[in-house]
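User: I am new to this structure and would like to go through it in short questions and answers. Please show it before we start.

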Amino acid sequence: WVRDTAASGPVAKGATSNLACCDNAGRAHLVALDGALPRVITSWKAHDLEIWTASHQRIAGGLLMTGADDCKLKGWDTRDPKRPVFVNKSHSMGITSIQTDPRAEHVVLTGSYDEHLRIFDLRMPQREIASIGLGGGTWCARWHPFVPGAIVAACMHNGFQLARASSDHSKLEHLGPCSAPDVGESLGYGADWSHEHAADPGVPLLGATCSFYNHTLHLWTVEQTVFEARVDAP
């Protein structure tokens, strides 16, 4: 979802919130949440195959990005979604996760069934600027909201993995699994960080992961030092 407001503060009077959603027929939908009931603003055919993920830039007027089983990452101006603003074909399998860096709205992180984590710069969206394999279909990948470069990913048969991006986003480093229990025969399906407050130096980071077949949610912590700038070293 994205909140669009000219006033200051996250709940300013007059603010409107829009939710992007998608379906298995390849259609994308923009839904307004500013009334008593959700209201569909617009819908359009975005992909030829099932769409797995849709994500806004969080800045007002930003793009909507979609990823689907056709291996295409597309950007849309939702004011006139007749044709995409860009189409990226870097992925070799379906795209399952899209998120912009909370500190750099032009930087996009994607996950894919092709087991790779990728970074794109929306100023040059046709090519990736960093990529790394995580050993499992990367169903969900999330930036930490407060710690630059810190990433957690749910990697289906390979559980839950930690990674870090360099300060200029040109490199990715796989740091290994988080401390959540092994998923076994289940699938690593969801992963995210606590958004409760900014992380103070020295305070462990709280994460949450969930697996598919055994319907299990785990909370775990990791020291901030794990994400120190190894990928920035010469």
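User: Which word describes D121: buried or exposed?

Analyst: The model is a predicted one, in which local features need pLDDT of at least 70, side-chain atom pairs count only at pLDDT 80 or more, and totals for chains, interfaces and linings use all residues. Residues are numbered from 1 along each chain as its sequence is written, and side-chain values use heavy atoms, with hydrogens and water left out. A residue is buried under 20% relative accessible area, exposed over 50% and partly exposed in between, with a 1.4 Å probe and protein chains only. D121 has a relative accessibility of 7%, so D121 counts as buried.

User: How many salt bridges does a search of the whole structure find?

Analyst: One of them joins the side chains of D101 and R103, at 3.2 Å from N to O. D101 is buried at 2% relative accessible area, whereas R103 is partly exposed at 36%. For the whole structure, the number of salt bridges found is seven.

User: How many residues apart are R118 and E128?

Analyst: R118 and E128 form a salt bridge, with their closest N and O atoms 2.9 Å apart. The pair links distant parts of the chain, since R118 is in strand β11 and E128 in strand β12, and the separation is ten residues.

User: Which residue is linked with R118 and E128 in a network of salt bridges?

Analyst: R118 is buried, at 6% relative accessibility, while E128 is partly exposed, at 29%. The network of salt bridges that holds these two also includes D114.

User: How many helices and strands are there in the protein chain?

Analyst: Helices (H or I, at least four residues) and strands (E, at least two) are DSSP runs, numbered from the N terminus. The chain has 234 residues, of which 48% count as buried. The count for the protein chain is zero helices and 19 strands.

User: What is the angle between the ring planes of W52 and Y113?

Analyst: Rings of Phe, Tyr and Trp (its six-membered ring) pair if their centres lie within 6.5 Å, and planes under 30 degrees apart count as stacked, over 60 as edge-to-face and the rest as tilted. By this rule there are nine aromatic pairs. W52 and Y113 form an edge-to-face pair, with 5.9 Å centre to centre and an angle between the planes of 90°.

User: Why does this pair tie together parts that are 61 residues apart in sequence?

Analyst: W52 is partly exposed at 27% relative accessible area, and Y113 is partly exposed at 22%. The two parts are tied together because W52 lies in strand β5 (residues 51-56), whereas Y113 lies in the loop between β10 (104-112) and β11 (116-121).

User: How far apart in sequence are the parts that W52 and W139 tie together?

Analyst: The ring centres of W52 and W139 are 5.2 Å apart and the planes are at 70°, so this pair is edge-to-face. W52 lies in strand β5 and W139 in the loop between β12 (128-133) and β13 (140-143), so the parts are apart in sequence by 87 residues.

User: What length has the polar contact that joins the side chains of S211 and N214?

Analyst: A polar contact is a pair of N or O atoms within 3.5 Å; within protein, one must be able to donate a hydrogen and the other to accept it, and residues adjacent in sequence count only if both atoms are side-chain atoms. S211 is in strand β18 (residues 205-211) and is buried, at 11% relative accessible area. The polar contact between the side chains of S211 and N214 is 2.4 Å.

Terms used:
A salt bridge is a side-chain nitrogen of Lys or Arg within 4 Å of a carboxyl oxygen of Asp or Glu.
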